[in-house]
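Please read them with the structure open beside you.

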Amino acid sequence: MPKGQLEHANLTVTDPQRSAALLEKLCDWHERWRGPAMNGGETIHVGNETTYLALYTNPDATGGYRKGVPLNHVGLLVDDLETAEEIVIEAGLEPFGHADYAPGRRFYFFDWDGIEFEVLSYL
């Protein structure tokens with residue numbers, strides 16, 4: 001059976017630069033690539049050496065997504081949950097759904113486009 005791992009996910013956002021800046025600070029990621037994309041769009045790839053999020057926009061991107069449409073959330077694993085929450089708040093976003101659970105702790109936030117993120121730590 002083949003073995004695999006998640007290499008990237010592509011999210012449509014209204015402002016890739018703004019979204020990339022948040023993820024770079026929140027996850028200690030870097031910009032891997034930037035350039036033109038399909039349908040007159042633009043994409044920024046932000047991540048680490050093995051995984052990334054492709055932040056895509058085009059003239060039709062409007063944001064305002066409803067929870068669960070088309071995905072429930074994106075999970076981000078961090079090593080310092082408190083600092084991560086401070087970064088989310090500094091970006092003008094509101095953390096919610098704080099919980100301790102086996103094997104770690106987490107909170108959630110919606111970005112400017114309505115995409116839900118879960119931020120979790122196993123430490």
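**Notes on the predicted model**

1. About 50 Å³ of space lies in the largest cavity, where a cavity is a set of points, on a 1 Å grid over the protein atoms alone, at which a 1.4 Å probe fits but cannot get out. Grid points are joined across faces, edges and corners, and a volume is the space filled by probe spheres set on the points. The search of the whole structure finds one cavity of 30 Å³ or more. Its lining residues (those with an atom within 4 Å of a point) include Leu11, Leu55, Asp111 and Phe117, and the largest share, three residues, comes from H1.

2. Please keep the basis of these values in mind: this is a predicted model, in which local features need pLDDT of at least 70 and side-chain atom pairs count only at pLDDT 80 or more, whereas totals for chains, interfaces and linings use all residues. Residues are numbered from 1 along each chain as its sequence is written, and side-chain values use heavy atoms, with hydrogens and water left out.

3. The largest pocket has a volume of about 380 Å³, a pocket being an open set of points with protein on both sides within 12 Å along at least five of seven lines. Of the 23 residues that line this pocket, the closest to its centre are Cys27, Trp29, Gly75, Leu76 and Leu77. The largest share of the lining, four residues, comes from S5.

4. Four strands form an open sheet of mixed pairing in the order S1-S4-S3-S2, with S1 (8–12) and S2 (30–37) as the edge strands. Strands here are DSSP runs (E, at least two residues), as helices are (H or I, at least four), numbered from the N terminus; two strands pair if DSSP finds at least two bridges between them. S2 and S3 (residues 41–47) pair in the antiparallel sense over seven bridges, and the bridge partner of glutamate 31 in S3 is valine 46.

5. Which residue deserves a look in the loop between S4 and S5? Asparagine 58 is found there, and this residue is buried, with a relative accessible area of 16% (buried means under 20%, with a 1.4 Å probe and protein chains only). A polar contact of 2.8 Å joins the side chains of asparagine 58 and tyrosine 56, the term meaning a pair of N or O atoms within 3.5 Å, one able to donate a hydrogen and the other to accept it, with residues adjacent in sequence counted only if both atoms are side-chain atoms.

Notes:
Buried < 20%, exposed > 50% of the residue type's maximum accessible area, 1.4 Å probe, protein only.
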